[in-house]
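Please look over the sequence and the model shown here, and then read on for a short report on how the chain is arranged.

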Amino acid sequence: MNDHLAYMFKAGFLGTRAPFFMDFVTLIVALLPFLVAIAISFARNRHYKVHSYSQIFIFAFSVIVIFYFEYGVRVGGGFDAFMKDSHVSHNYALFVLIFHIIISLITLLFWGIAIFRAKKLLQLGKHRKVGLFTFVGVVLTSLSGIWVYFLMFVY
């Protein structure tokens with residue numbers, strides 16, 4: 001591992017067994033529904049450009065965080081390495097992780113569609129519906145991600 005990336009695996013700041021990068025990503029995941037809700041409020045207040053730019057920024061930042069997270073997980077030894085000190089059943093935690101990944105991928109897909117096909121969806125009167133589905137997915141992604149964090153590093 002590069003010395004300039006060693007910080008990722010130092011003790012985290014949330015007071016659990018998690019390394020820094022997991023705490024950092026979990027904090028962002030916990031804040032994500034609130035950030036998206038703020039972006040949605042711009043549209044509700046007819047600030048469509050601010051809504052658009054903030055959604056694009058939050059989406060892009062989220063994708064970067066996903067790559068950062070995946071890098072840390074791979075370099076850190078994967079799911080099994082992070083589960084080794086947990087007192088939770090490996091199979092249960094794996095089930096929750098798979099549930100989280102499925103929700104996350106579906107949400108990411110719909111979020112991308114809502115952003116990159118916004119004009120077409122607006123013309124069809126479906127942007128709001130796709131956006132609502134995406135927001136629910138962001139909330140579920142956040143909750144399930146926090147759930148996985150707790151299973152791996154708290155219990």
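## Overall make-up

This model, which is predicted, contains six helices and zero strands, and from the N terminus on its elements run α-α-α-α-α-α. Along the principal axes, the C-alpha trace of the protein spans about 50 × 35 × 20 Å.

Of the 155 residues in the protein, 38% are buried. When contacts between residues at least 6 apart in sequence are considered, 64% of them join residues at least 24 apart.

## Helix α1

Helix α1 covers residues 20-44, and at 1.5 Å a residue its 25 residues should span 36 Å, which agrees with the 36 Å that separate its end C-alpha atoms. Just after α1, arginine 46 takes a positive phi of about 65°.

Both Leu32 and Pro33 belong to the buried residues of α1, which also include Phe21, Met22, Val25, Ile28, Val29 and Val36.

## Helix α2

For α2, the 28 residues should span 40 Å at 1.5 Å a residue, and this agrees with its end C-alpha atoms, which are 40 Å apart. After α2 comes glycine 77, whose phi is positive and near 105°.

The buried residues of α2 include His51, Ser54, Gln55 and Ser62, together with Ile58, Phe59, Val65, Tyr68, Gly72 and Val73. These buried residues of α2 pack against α1, α3, α4 and α6.

## How the helices pair

Helices α1 and α2 pack with their axes 10 Å apart and at an angle of about 165°. Because angles over 145 degrees count as roughly antiparallel, α1 is therefore described as roughly antiparallel to α2. The crossing in which α1 passes α2 is left-handed.

A second pair is formed by α4 and α6, whose axes come within 8 Å and cross at roughly 155°. That angle makes α4 roughly antiparallel to α6, and α4 passes α6 in a left-handed crossing.

Note on methods
Residues are numbered from 1 along each chain as its sequence is written. This is a predicted model: local features need pLDDT of at least 70, side-chain atom pairs count only at pLDDT 80 or more; totals for chains, interfaces and linings use all residues. Side-chain values use heavy atoms; hydrogens and water are left out. Helices (H or I, at least four residues) and strands (E, at least two) are DSSP runs, numbered from the N terminus. The expected span of a helix is 1.5 Å times one less than its number of residues. Buried means under 20% relative accessible area, exposed over 50%, partly exposed in between (1.4 Å probe, protein chains only). Axes are lines fitted to C-alpha atoms, for helices over the stretch in contact, and angles run from 0 to 180 degrees between N-to-C directions. Angles under 35 degrees count as roughly parallel, over 145 as roughly antiparallel, 65 to 115 as roughly perpendicular and the rest as oblique. A crossing is left-handed if the near helix is turned anticlockwise from the far one by less than a right angle, and right-handed if clockwise. Contact means heavy atoms within 4.5 Å.
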